[in-house]
Structure formats: structure tokens, C-alpha cells
Amino acid sequence: MEERGQGQGWMEERGQAHGQGWMPELRAGRPAVRGAGRPAVRGGGWKALLWLVVAALPLPCQGQAPLQSPQDIQVCVVNTNFTLRWSHPGAEPGLTFSAEYKWSEGSGTGWQELPGCRNVPGPECDFSSAVSEYYDTHWVRVRAQRGEQVSPWSRVLEMVPDHEAQIGPPGMELQPTNGDIKIKISPPEANQGKKMWLNDLSFKYNLVFWENSSNSQPRSKNIFPVDTVGDLAPDTTYCFKVQANLPTEGKEGLFSPVRCLKTTQKAVNDLLCATNLRVLGLNMEFHLHWDNQYEQPVSYNVQYLIGYLKRLNEDYSGKWVGVPGCGNVTGTRCNVSSAITTTGFYYLRVQARAGLNRSCLSTEVKVDPLRTNEICPPGVKVDISDTLLHIQISPPGGPEGEVMRNNYVLSYRILYWRNSSSDEEEAKVKETKQTVATIPDLAPQTLYCVKAQAFSEAYNKSSVYSQEECIQTPGAKAFPLVILATFMAALFAVLLVALPLVFVLYQAYSKIKYVFFPSCQPPLNIEGFGGQLCTSPYLPTPEEPVENYSIIDSMITYEGNQMDCKDYKHSKQSSRDSGNYSNDDNTSGSKGSAETLGKEIV
Amino acid sequence: MMNENFFYRIIKFQDFEETGAYECLQSILTHLRIYTQERRNIRACCIMNAFGLIQIGLILLCTTIICNHQCNHLLLQQRKMIENSLQLLDKMGKNFPQRCLREKMSFRFPKQVLQPRQKETVRIAIEEIFQHIFYIFSKNLTLAAWDGTALDQFQNGLYQQIEQLEACVIKKHTHYCWSKEVSRLKLKKYFQKIDCFLKDKQHNLCSWEISRAEMRRCLQLIDKVTRKLNN
């Protein structure tokens with residue numbers, strides 16, 4: 001059926017001098033087709049068959065001009081309104097058109113009649129009721145009808161409703177307030193049951209406005225669904241129109257009808273309002289600062305709005321919340337950290353109150369926490385061991401700053417250089433994600449200085465550098481020298497202490513030995529000599545030569561505990577002898593001979 | 001032996017030539033499949049041969065797309081933000097209630113939409129997914145009874161990511177080609193299915209919990225893709 005239709009189409013093309021390589025053959029073959037023969041057309045046997053079929057068709061309608069099929073099939077879709085348009089070369093009255101459609105996910109029944117496009121006269125028809133699935137492919141074709149005669153089907157138009165659809169105009173409400181214009185936009189399919197654009201929060205609204213005078217340039221601005229247009233001249237008429245766009249699909253919607261209105265005068269409450277709002281953040285502690293131009297005392301109340309609420313289609317003016325701790329401020333700054341977390345944007349504004357009934361709301365300021373915040377420098381500690389420099393970084397923010405560090409994905413940049421007065425050396429850089437770093441291969445006996453900064457690659461933010469920490473590296477040959485020096489010192493100390501100690505101990509020992517354990521013993525039969533004992537054996541007598549006495553002394557043997565001096569003939573001698581007891585050298589040497597001598601004398 | 005249909009296609013291709021994205025080729029191939037299904041004749045084969053040559057030309061054009069420089073940091077920031085979003089999504093409510101298991105439906109998220117063929121297209125895909133999630137969680141939440149603060153922060157985080165992505169992807173031809181992407185329609189159908197599911201169940205607790213679990217799966221997939229793109 002389709003092929004036949006195509007064949008018919010080609011016939012028409014030929015008639016209107018369309019087509020290409022067909023033409024000479026067609027012209028050549030035409031008269032012959034009416035007859036029995038078939039032209040030997042280039043391209044194969046199926047074309048011959050086609051011609052056979054083609055030739056057969058006009059026979060019943062001989063005498064009547066064949067009906068042409070509609071051309072330039074188009075579909076125009078705005079939101080969920082589907083319009084089929086075509087053109088027909090013969091503009092005859094009594095000509096009606098019918099359309100058929102097919103749907104890719106349909107029940108496989110093939111071509112169905114298109115509701116809303118049955119026997120319509122005009123060059124267009126509305127078939128919105130036929131389409132329910134906007135993401136499926138649909139095929140449409142049209143043909144003309146005159147009484148019993150029908151034209152061949154037009155070429156098939158394939159379309160996906162979502163692709164073809166255009167965004168309709170949004171609704172717009174304007175309200176002049178205090179020199180500005182408050183705008184409320186309703187999305188294109190605001191109250192419809194069936195929507196083409198399911199996600200009405202994804203629209204971006206483009207407002208175009210201009211002054212209603214002769215040569216004014218239109219200004220264009222992206223606005224939220226509920227927004228205020230400021231910076232307008234008071235008591236002037238402005239005209240507005242808005243379109244809804246879907247950037248992700250590259251679609252721009254139709255403009256709403258133009259509306260013009262006049263702005264009002266600006267109220268004179270200005271001095272009371274807080275101006276020049278700015279937010280400063282350090283280590284995720286945010287402070288809002290503003291300026292005050294009012295002479296009398298004013299009390300301020302800081303409010304915040306969570307950013308995403310502006311994207312919703314509802315009015316967010318009731319959603320402003322007071323920042324805890326900034327309810328009744330008399331200064332011009334307040335700590336707003338309790339309201340601002342790391343996720344998303346926030347808006348801040350200040351309400352100034354003076355007296356009982358005068359209040360003013362400042363303009364809003366938008367805060368992007370992670371971009372506004374400044375990072376404090378980290379702490380740095382250095383330590384030296386051999387030729388390694390150990391650097392310990394304490395991250396900014398301390399234990400509470402964990403969230404900040406996580407979100408920024410902080411890394412650290414360490415700068416170290418040789419602080420010598422002679423040559424200015426370039427500082428070297430080391431980057432690390434850890435909080436400890438080691439720098440090897442340092443030159444000995446030099447002063448090294450270190451400072452560090454924290455930076456976030458993701459947000460392209462870096463803190464200032466920390467304080468410098470300097471440390472001296474020890475000398476190079478110091479190591480073996482230290483060992484030697486330590487050894488010598490230890491040896492010295494040992495000798496210094498040990499030698500006198502040994503000496504003292506020896507002296508004490510000999511004294512004790514002399515007193516309590518004398519080597520000179522008196523003979524065993526000392527009582528037989530008249531009881532002349534050596535009572536004070538310690539008295540020295542220089543008269544007699546020492547040698548004789550030493551021999552006699554040596555006869556005395558150490559036996560038992562008795563310090564006996566040998567008292568032979570001279571009691572005086574004995575006393576003298578005793579004096580020589582301390583002469584250790586002789587006693588031990590001549591002990592043996594003394595004994596024998598002693599025996600002879602006795 | 002050419003007919004109007006072929007001319008129609010040629011004209012469309014001339015439009016694509018100026019924009020020149022790889023995704024256009026996909027849509028061209030899809031169009032071609034539909035064409036041969038319908039026609040099943042030699043004409044389609046001839047057209048495909050001609051298109052083959054045009055495809056090669058378009059591939060050469062496609063490789064000259066330059067990434068927007070100011071958005072280099074965006075992927076780094078996004079990784080953290082998506083992690084935060086997942087945490088907030090968990091924080092919002094309690095564990096999945098057992099009684100809701102029997103109402104569970106399979107939604108079949110079209111994973112091919114996140115295949116990282118080209119960074120730009122994946123960015124737009126992620127932006128569109130975020131916009132849909134943002135829309136779903138924006139209303140009729142009373143029966144879900146979730147933690148309001150966590151929900152606010154979650155929405156706020158999504159909104160910030162959407163704004164940043166919007167600022168980044170401004171190339172018109174990328175949008176145009178993305179709009180012709182076949183898997184994009186599957187993505188839209190997926191979210192339409194979830195929306196219908198919620199409406200049918202009148203946004204009761206179980207339907208919300210099932211949707212929340214589904215969105216969690218979505219975000220995890222995006223997290224994976226973002227990590228892959230980062231490395």
C-alpha cells in the first residue's frame with residue numbers, strides 16, 4: 001500500500017517537473033505503459049511492477065484530474081496542544097482532509113484514524129486528544145478527499161511530542177511596591193491536569209522589560225518565579241514580558257503578552273535601613289556586617305532564608321527566619337554561623353527598628369558559605385633529627401573544623417628555605433595532603449625556616465602563610481666527634497672519680513690493718529721476759545740504724561690476731577721495732593730468713 | 001531514485017553539522033532503524049551508505065569540542081556535595097519500614113544515560129537528574145514525616161549543584177544534541193513513572209520511602225560516575 005502511494009507521489013512529481021533520473025524514462029515510458037508493454041526501466045523489476053500498478057490506477061478515474069496529496073506536513077506543539085498543518089496545491093471548495101496516526105507503543109493495530117482530524121476542511125487540525133504518551137514516537141499522515149475520490153497519502157511525518165513541543169507563555173502578575181516592581185510568575189501549564197512539562201521547577205524565566213518611551217533599550221534579566229525588579233526610575237511606565245526556558249533541553253518558550261504599568265514613588269525611609277551588607281567568614285565562622293546611617297538608636301534583627309526556597313513557585317516572603325542570637329542587636333555586626341551550614345546558598349537581610357512603628361528591611365545578600373569563607377593558616381611545628389626535618393602541621397579549625405576540612409578537601413603547601421645571610425636561596429615547596437611531612441637531605445650547620453599554608457584545590461582557595469618556624473641543623477662531622485668527646489669525657493670522669501677513691505680506700509685499709517691487724521707479733525712467751533710489753537708500739541726512735549731492726553722485725557710472723565712485737569733484749573728496740581711495722585716492703589720480703597734467724601737466736 | 005523523505009533527512013543533518021556532537025550520531029542511527037523497520041527497502045540502504053560518510057565527517061567535528069575551563073573544579077566540588085547529599089538523604093528518615101516491602105516497584109533507572117562518553121553530556125544528564133529529584137522532593141511531604149532540617153539542607157544542596165552545573169554547561173550545541181539523545185527520553189519516562197507512583201498512592205509514607213530508596217540508588221550511581229570522571 002505504501003509503495004503504491006509512493007509511486008503515485010512520484011507520478012505527481014514527474015508532472016510538476018520534480019524528481020530526477022526518472023524523468024526521461026518516465027516520459028519515454030508513459031505512452032507504452034498504457035498499452036500492454038512495460039518500459040525497461042533502469043533499477044530493476046520492482047519498478048516495472050510499480051509502473052504496472054501505477055498504470056492500473058488512473059483507469060477508473062479516467063477523465064477526472066487526479067487528486068494530489070497534501071504536502072508540507074508539519075506538527076506544531078505548544079504545551080499539550082497538538083496542531084497538524086499541511087498545504088494543498090489545489091484550493092478547491094468541498095475538499096476535505098483526513099489524517100491517520102500510528103504510535104510506537106500502540107497495540108500494533110497499524111494506522112488509526114486521527115481524532116479531531118476527520119473530514120476537516122482547513123489546512124490544519126487539532127489532535128491533542130489523541131496523544132497521551134509524550135515520550136513515544138508517533139507517525140502521522142494526511143490525505144485529501146473530494147467526494148468519493150481520495151488522494152494518495154502524504155508522506156509520513158514522524159515526531160516525538162517531547163522534542164517538537166514548545167514551551168507556552170507563562171503567566172505574569174505585576175505589583176508596584178515602593179519604587180520597585182514585584183513580579184509573580186506562574187509556570188506555563190500552571191493548573192492543567194495533563195502536563196507536557198512535568199518538572200515546572202526546572203524553568204528559568206527570562207524577563208524582558210523596557211521603558212515605555214520612544215528610544216529605550218530593552219533589558220533582559222533572569223528572575224525567580226517570585227522576584228522584585230529594582231533599579232527602576234520612579235513614576236515611569238515600564239513594559240514587561242517574560243518567557244520560560246529549559247536550558248537543559250535548549251528550549252526557549254513563547255513570550256507572555258506584554259504588560260505595562262507605572263512605578264510608584266520611593267518611600268523616604270532610607271536612612272533607617274541597614275546598608276552595605278557584607279558577610280565575612282573565617283574558619284566557617286560567619287559574621288554579617290552592615291552600615292548604619294541613622295542618628296538615633298536602632299535595634300536590628302537579622303533574618304535568613306534557605307536558598308532553594310526561591311526556586312519554588314510559592315511565595316517565600318513568609319519563610320524568612322530570625323538568626324538565633326541576632327534578634328536584638330544594637331551594633332552593626334552579628335555572628336550568623338548558627339544559621340549557615342556548608343550545604344547550599346543562604347540569603348541574609350537585616351530588619352531595622354526604631355521606636356514603636358518604624359521599621360525597614362534591607363536588601364538581601366546572598367551567601368555561598370564555602371566560597372565566602374576564608375581559611376585560617378595552619379599551625380607548624382618543626383623538629384630535627386640527623387639530616388631530616390620533621391614538620392608537624394596542625395590543621396586550621398582544630399577539632400571542630402573537621403566539617404570544613406572535609407568539604408574543602410584541604411591540602412597543605414610547605415615552604416622551606418635556608419636562612420643564611422650570605423646567599424639568598426629560593427624557597428622550596430612541598431605539597432602534601434597529610435599533616436606530617438619530612439624533608440630529607442638538609443645541609444648541615446645551617447638555619448632552616450619553614451612556613452605552611454592550607455589550600456583547597458576544589459574551591460581554589462588558600463589561607464595565608466603561617467608563622468615562620470626556624471631550626472638549626474647540627475654540624476656534619478659532629479657525629480663521630482660527639483662520640484669521641486663523650487667517650488673521653490666519660491673516661492676522664494671515671495678516672496677522676498675512681499682513682500682518688502681507690503687511693504683513699506687503700507689508705508683507709510692500710511690504716512685499719514695497722515691498727516687492728518698489725519703484722520708485727522710479739523713472741524708467744526712474752527710473759528717470761530718480765531712482762532715488759534710494748535704498750536705503745538708506735539713510738540719511733542731515730543738512734544739506731546734501721547736495718548738491724550728490720551731484720552729482727554722480719555722474724556716476727558703474722559699469726560693469729562695478736563700483734564706481737566718480738567721483744568728480745570731491748571725493750572726500747574721493741575718500741576722502735578714497732579715503729580717499723582708500717583714498713584710493709586721489708587716484712588714480707590725477708591720473712592722466711594727472719595724465721596730461721598729467729599730460731600738461731602733463741 | 002530519491003524521494004522527499006531522503007531530502008528531509010539530509011536537511012536535518014545539515015543542522016547537526018553545525019552543532020556536531022557525537023550524540024547526534026546515536027539519534028541518527030535510531031532514526032535509521034525506525035526508517036528501515038518501516039520501509040524495508042533498498043532506499044533506506046542507500047541512505048545509510050550516504051550517512052556513513054557523513055558520520056565520519058561528524059566524528060571529526062565532534063572531537064573538537066573543548067571543555068569549559070571554569071568548570072574544571074566543578075567535578076572536584078561535586079564529589080563532596082554528592083556525598084553530603086547521600087548522607088542527608090539517609091539522615092532524613094529512619095530505616096526502610098518492613099511493611100512497605102510488598103509495595104516495592106521496580107523502576108529501572110536507565111543507566112546508559114550516565115555512560116561517560118563525553119563529559120559535557122554526562123554533566124547535563126546529571127543536572128537533569130538533580131532537577132527531577134529536586135522537583136520530586138519539593139511538595140506533598142507531610143505524610144512522609146521526615147526531619148525538616150535534613151530535608152531543607154538536602155534540597156538546598158541539590159539546588160546549589162543545579163545552579164553550578166547550569167553556570168557551567170552553556171554550550172548551545174551540547175544542549176541541542178542532548179535533547180535528541182534517546183536515553184534522555186527513557187530518563188524522563190523513569191521520573192514520570194515515579195511521579196505517577198507517588199500520585200497514585202497519594203503520597204503516603206510507603207510510597208515516599210520507596211521513592212527515597214530509589215533516589216538514593218540514583219545518587220549512588222551519579223557518585224560512581226563522578227568519581228570515574230575525576231580520575
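In what order do the strands of the open three-stranded sheet of chain A with antiparallel pairing stand? The order is β27-β28-β31.

This is a predicted model, in which local features need pLDDT of at least 70 and side-chain atom pairs count only at pLDDT 80 or more, while totals for chains, interfaces and linings use all residues. Residues are numbered from 1 along each chain as its sequence is written, chains are lettered from A and ligands numbered from 1 in the order in which they are written, and side-chain values use heavy atoms, with hydrogens and water left out.

**View 1. The open sheet β27-β28-β31 of chain A.** Strands (DSSP runs of E, at least two residues) and helices (DSSP runs of H or I, at least four residues) are numbered from the N terminus. Two strands pair if DSSP finds at least two bridges between them. The edges are held by β27 (379-385) and β31 (436-439) of chain A; each has a single partner strand, so one side of each is left without a neighbour in the sheet. From one strand to the next, the twist averages 20°. β27(A) is joined to β28 (residues 388-394) of chain A by seven bridges, and the two run antiparallel. In this pair, V380(A) stands opposite I393(A) of β28(A).

**View 2. The open sheet β5-β2-β1-β9 of chain A.** This sheet has four strands and mixed pairing. β5 (124-126) and β9 (165-166) of chain A are the edge strands, each pairing on one side only. Between β1 (residues 71-78) of chain A and β9(A) there are two bridges, and these strands run parallel. Q166(A) in β9(A) has V78(A) opposite.

**View 3. The hairpin of β15 and β16 in chain A.** Three bridges pair β15 (residues 237-246) of chain A with β16 (residues 251-255) of chain A in the antiparallel sense. L246(A) faces its opposite residue, K251(A), in β16(A). Four residues lie between the strands, and G250(A) takes a positive phi near 65°.

**View 4. Helices α4 and α6 of chain B.** Two packed helices are described by the angle between their axes and the distance between the axes. Axes are lines fitted to C-alpha atoms, for helices over the stretch in contact, and angles run from 0 to 180 degrees between N-to-C directions. The axes of α4 (residues 74-92) and α6 (residues 148-168) of chain B come within 9 Å and cross at roughly 155°. That makes α4(B) roughly antiparallel to α6(B) (angles under 35 degrees count as roughly parallel, over 145 as roughly antiparallel, 65 to 115 as roughly perpendicular and the rest as oblique). Their crossing is left-handed (the near helix is turned anticlockwise from the far one by less than a right angle; clockwise is right-handed). Residues in contact (heavy atoms within 4.5 Å) include L74(B), M81(B) and L88(B) of α4(B) and A150(B), F154(B) and L165(B) of α6(B). By class, the contact of α4(B) with α6(B) has 11 nonpolar, seven polar and one charged residues. Ala, Val, Leu, Ile, Met, Phe, Trp, Tyr, Cys and Pro count as nonpolar, Asp, Glu, Lys and Arg as charged, and the others, Gly among them, as polar.

**View 5. Helices α4 and α9 of chain B.** The axes of α4(B) and α9 (residues 205-230) of chain B come within 10 Å and cross at roughly 160°. That makes α4(B) roughly antiparallel to α9(B). The crossing of α4(B) with α9(B) is left-handed. Among the residues that meet are L75(B), R79(B) and E83(B) in α4(B) and R212(B), L219(B) and D223(B) in α9(B). The contact of α4(B) with α9(B) divides into 10 nonpolar, five polar and seven charged residues.

**View 6. Helices α5 and α8 of chain B.** The axes of α5 (residues 119-136) and α8 (residues 182-200) of chain B come within 11 Å and cross at roughly 10°. That makes α5(B) roughly parallel to α8(B). Residues of α5(B) including I129(B), H132(B) and Y135(B) meet residues of α8(B) including L187(B), F191(B) and D195(B). Eight nonpolar, one polar and four charged residues make up the contact of α5(B) with α8(B).

**View 7. Confidence in chains A and B.** pLDDT is the predictor's confidence in each residue, from 0 to 100. Chain A averages a pLDDT of 78, and 74% of the residues score at least 70. Over residues 544-602 of chain A, pLDDT stays under 50. Chain B has a mean pLDDT of 78, with 66% of its residues at 70 or more. Residues 1-11 of chain B have a pLDDT below 50. Where pLDDT is low, the predicted coordinates should not be read in detail. For the complex, the predictor gives an ipTM of 0.70 and a pTM of 0.69.
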